[in-house]
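Here is a short briefing on one protein structure. Take a look at the sequence and the model before reading on.

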Amino acid sequence: MNPPTVEHISECFIKPKHLVEEAKKPYYLAPWDLVMLSVQYIQKGLLFAKPPQKENQQGFKIMDFLENLKQSLSLTLVHFYPLAGRLATSKSENPPSYVVFVDCNDSPGARFTYATVDLTTSDVLSPTYVPLVVQSFFDHDRAINHDGHTRSLLTVQVTELIDGIFIGCSINHSIVDGSSYWHFFNMWSEIFQGKGDDFSISRPPVLSRWFPDGHGPVLSLPFTHHDQFLSRFEAPVLKERMFHFSSESIARLKAKANAEFSTNKISSFQSLSALVWRCITRIRNLPHDQVTCCRLAINNRSRLSPPLSPDYFGNSIQALKAGVSTAGELLEQNLGWAAWQLHQAVVSHGDENAREFLDSWLKSRFIYQIGKLFDPNSVMMGSSPRFNKYGNEFGLGKALALRSGYSHKFSGKASAYPGHEGGGSIDLEICLSPDEMTAIESDKEFMEVVSPSPC
């Protein structure tokens, strides 16, 4: 039997309700934005149940719902106007110069698509592994951020299931990081629930890009053609599974890590990251002397001096090489030792480290290449359980689950989301090769911490 396919019904483009004066000028990108030009869009979305049909009342009408989404999106884009633009480039050959910026004038706006699929919410949530069809709930499949010259910087895809609605956003990673992605999503939900034409929001974004002293806003890349710095990453065959960790399980893991290293400073997330690092390293059967590392996506906003606003809109992240060890040492030591390596790296990463990266980039400007950035012997912890993901309701109540698209997936990639029940619980989306996934499902240290899913 062929698996159900997503059928695209309609599409349109959404512009801001009105254009603010600043949107008429070029919107230049900062170093942390420009390094992202060759990586993929951020693709995250929420699965909702359709409202139950009530007697003697009009039921849920998808066309009315879509219209409300479009109107609220138009209002939201007044605040987040760069998302309605397109990338543009000015370049010269002598000397080589390639300046990328956002043009908010010459653009049709953000893309909005409506699709349907003959599946139930259970068909998405019940399988052990995330069904491949979920990747079709998002636009910009396999697109890289530089494609934002001809593709929308934001696409909202609403996929109607038999008994549910999936709202998936694909946003250009040169414009936002995870913090800004969920900031936009939160404010869109806030405006949707507020109804009417009220433009006010509780957390207006800080749109002014931050540049190191003496640099910007125009930053030139030392290229004459995009072929010199772009590459397209094709993910290997992977299995993707959501592992749930209850707040009680996380608390026990944290207590264990701290006790084993005679401290009380190791955090819950550092403990969980150390567990993932150790267990994936073990099931890979690496040589004793093979170097392995655990990378953490770290937010620099609060680490700069003076700090950036939590509502700074853009990229302010680094993939911190938090733990480095040989496979032998990592597995001979205990969980507490591994977690302490991560803790030390996180607490020591501050203004000086962030600026060192920027100084180095300004002297020799480069673009991240996913295929080279992450090696097959290491793990990468992405996203964050701290982001407000389940507070986005759109009149449908709390989402049933969060899922992601094709982007940024390779063996050893784990993305952390808040657990559905809250309270410090965490869901980990882990991608591994089929053999590695089978092995970790039999790993005693790992599976003892995994909790039954509440959904």
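The points below cover a strand, an arginine and a helix.

This is a predicted model: local features need pLDDT of at least 70, side-chain atom pairs count only at pLDDT 80 or more, and totals for chains, interfaces and linings use all residues. Residues are numbered from 1 along each chain as its sequence is written, and side-chain values use heavy atoms, with hydrogens and water left out.

**Strand 8**

- Strand 8 covers residues 164-171. Helices (H or I, at least four residues) and strands (E, at least two) are DSSP runs, numbered from the N terminus.
- Of its 8 residues, 8 are buried. Buried means under 20% relative accessible area, exposed over 50%, and partly exposed in between (1.4 Å probe, protein chains only).
- Both faces of strand 8 are covered. One side has Gly 164, Phe 166, Gly 168 and Ser 170. The other has Ile 165, Ile 167, Cys 169 and Ile 171.
- Strand 3 (residues 42-49) runs antiparallel to strand 8, with 8 bridges between them. Two strands pair if DSSP finds at least two bridges between them. Lys 44 has Cys 169 of strand 8 as its bridge partner.
- Strand 7 (residues 154-160) is also antiparallel to strand 8, joined by 7 bridges. Here Val 158 partners Ile 167.
- Strands 7 and 8 make a hairpin, with 3 residues between them.

**Arg 284**

- Arg 284 sits in the loop between helix 6 (268-283) and strand 10 (291-299).
- Its relative accessibility is 12%, so Arg 284 counts as buried.
- A polar atom of the Arg 284 side chain lies 2.9 Å from the backbone oxygen of Ser 378.
- Leaving out residues up to four places away in sequence, Arg 284 touches several residues, among them Pro 376, Val 379 and Ser 411. Contact means heavy atoms within 4.5 Å.

**Helix 9**

- Which residues of helix 9 are buried? They are Ala 354, Phe 357, Leu 358, Trp 361 and Leu 362.
- These residues cover an arc of only 130 degrees around the axis, so they lie on the same side of helix 9. The arc is that of the directions from the helix axis to the C-beta atoms.
- Exposed Glu 352 and Lys 363 are on the face turned away from the buried side of helix 9.
- Helix 1 (31-34) and strand 11 (317-326) are included in what covers the buried residues of helix 9.

Terms used:
Polar contact = N/O pair within 3.5 Å; in protein donor to acceptor, adjacent residues only side chain to side chain.
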